[in-house]
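Biologist: Before we go into particulars, I would like to learn how such features are read. Could you take me through them one at a time?

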Amino acid sequence: MIPVHLITGFLGSGKTTLLQRALASPAFANTAVVVNEFGEVALDHLLLQRVDADTVVLPTGCVCCTLRSDLGAALRELFDKRERGQVPPFDRLVLETTGLADPAPILFTLTADPVLRHHFRLGSVVTTIDAVNGAQHLVRHLESVKQVAVADRMVLTKTDLVDRASVEGLRATVSRYNPTAPLFETPDASLALDRLFVAETFEAPPRGDAGGGADASDRHGRDITAVSLIVDAPLDWTAFGMWLTMLLHAHGDDVLRVKGILQIRGVPTPVVIHGIHHLVHPPTSLPRWPTADHRSRLVLIVRSLPAPIIERSLRAFLRLGSPERPAA
Amino acid sequence: MCALCGGREQERHWTDRLDGTGAEADGPAAWRQSRRAQVALANRILSPHGLEVRDWDTHAFVLSTRTGQSELVPRLAAVWSTAERLGRCRCDPLDPGLLARLEREAGVDEGAP
């Protein structure tokens with residue numbers, strides 16, 4: 001499966017510059033690139049393809065279930081050329097989105113397309129945040145907050161143009177919205193690009209064992225919070241699936257992101273789960289636990305949903321799958 | 001599509017089972033067991049609304065009302081919207097009434113973490 005990495009971020013936040021730098025690195029030689037539009041920063045790359053912003057809205061009317069037919073066609077064409085030997089056999093694809101693009105339809109396209117889902121999988125979502133204007137974007141534009149919320153990796157750009165206090169303030173703000181995504185800064189000559197574009201991502205929230213609870217609140221009235229949940233005992237997969245599908249059915253519009261590393265009963269290795277809005281990417285397993293802590297950790301970045309009720313609900317559903325539960 | 005019964009080929013949904021994860025059991029037997037478990041839990045959630053869920057040979061779920069109205073549902077994630085329509089109920093895992101019932105059935109004090 002070829003990982004598809006997304007670079008998203010607000011207009012002018014340095015997406016193309018970051019991509020340019022990645023493509024200049026020998027480690028990214030086998031990388032195909034798909035861009036929404038050619039910006040001011042020129043990309044000189046052998047495997048470059050442009051897509052137009054054609055979208056097909058499915059009858060559900062759901063924003064995240066919008067099929068990016070243009071993207072699907074572009075990826076199928078690239079894959080077809082790869083198979084016929086017309087382009088080098090790329091083993092990684094980077095997709096640069098437009099400044100206001102919602103990543104959910106991209107995930108939906110990868111998941112729903114009958115051809116693509118067998119050949120591509122979502123890799124990292126890398127979000128660039130401009131240190132000069134990022135704080136204002138977060139206040140004024142919900143899209144900017146959503147881009148931070150869905151990130152697997154966050155890159156603060158142009159940090160040399162503002163004072164350190166501003167950078168630290170922005171770091172604190174974006175970390176409140178998304179406590180799990182590692183934060184990088186540019187310009188930084190030592191930035192290891194392979195730490196940005198990784199095939200499998202999950203980082204435990206850095207704030208430790210808070211159990212359930214809100215890690216962040218939006219003082220601009222949008223009520224976006226990161227809810228961190230830790231479960232000690234191995235989870236019943238059926239009960240967990242029941243809970244998450246029902247939660248996303250009822251509140252998917254307000255669940256910006258789900259990330260989890262789970263200890264599933266009967267499964268010896270950790271299972272990683274990722275979701276954006278109503279969509280859940282097929283779970284994958286890691287060969288081993290990243291730390292000595294083998295408890296299940298789940299982070300939900302939600303809008304206007306109470307953290308205590310989410311935790312109470314998860315535990316109530318997990319009891320349904322508990323082997324010692326009383327008969328109904 | 002099955003030529004005899006019209007059943008569709010099984011399409012995996014992330015909730016169905018964990019493939020390639022080294023689970024204790026795999027294959028058709030594990031698939032059926034997973035389906036049975038899903039049906040049992042879904043019925044615990046939906047039975048108070050007069051709804052019954054059955055497995056349709058692991059291809060789909062059948063959702064029925066007490067008056068005999070039935071609908072085929074391809075995957076678990078779609079059960080909830082169909083249940084809301086047939087049962088005229090709300091399928092919300094954060095619903096305090098649902099949580100209180102589940103906690104009562106589990107012998108947990110209402111509202112306890």
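Modeller: Let us begin with strand pairing: strands of a sheet pair through backbone hydrogen bonds, either parallel or antiparallel. Here strand β1 (residues 51-56) of chain B and strand β2 (residues 60-65) of chain B pair in the antiparallel sense over six bridges, where pairing requires that DSSP finds at least two bridges between two strands, and where strands (E, at least two residues) and helices (H or I, at least four) are DSSP runs numbered from the N terminus. This is a predicted model, in which local features need pLDDT of at least 70 and side-chain atom pairs count only at pLDDT 80 or more, whereas totals for chains, interfaces and linings use all residues. Residues are numbered from 1 along each chain as its sequence is written, and chains are lettered from A and ligands numbered from 1 in the order in which they are written.

Biologist: Which residue of β2(B) stands opposite B:E52, and how many residues lie between the two strands of the hairpin?

Modeller: B:E52 stands opposite B:S64, while B:W56 has B:A60 as its bridge partner. Three residues lie between β1(B) and β2(B) in the hairpin, and B:D57 in the turn has a positive phi of about 55°.

Biologist: What is the order of the strands in the sheet, and which strands stand at the edges?

Modeller: The open sheet has three strands in the order β1-β2-β3 (chain B), paired antiparallel. β1 and β3 (70-73) of chain B stand at the edges, because each has a single partner strand, so one side of each is left without a neighbour in the sheet.

Biologist: How should I read the packing of two helices?

Modeller: Two packed helices are described by the angle between their axes and the distance between the axes. Helix α7 (residues 237-251) and helix α8 (residues 307-320), both of chain A, pack at an angle of about 140° with axes 8 Å apart; axes are lines fitted to C-alpha atoms, for helices over the stretch in contact, and angles run from 0 to 180 degrees between N-to-C directions.

Biologist: Is A:T245 buried or exposed?

Modeller: A:T245, in helix α7 of chain A, counts as buried because it has 26 C-beta neighbours inside 10 Å; buried means 20 or more other C-beta atoms within 10 Å, exposed 12 or fewer, and partly exposed in between, with C-beta atoms placed from the backbone. Not counting residues up to four places away in sequence, A:T245 touches B:T15, B:L76, B:A77 and B:W80, contact meaning C-beta atoms, placed from the backbone, within 7 Å.

Note on methods. Contact = placed C-beta atoms within 7 Å.
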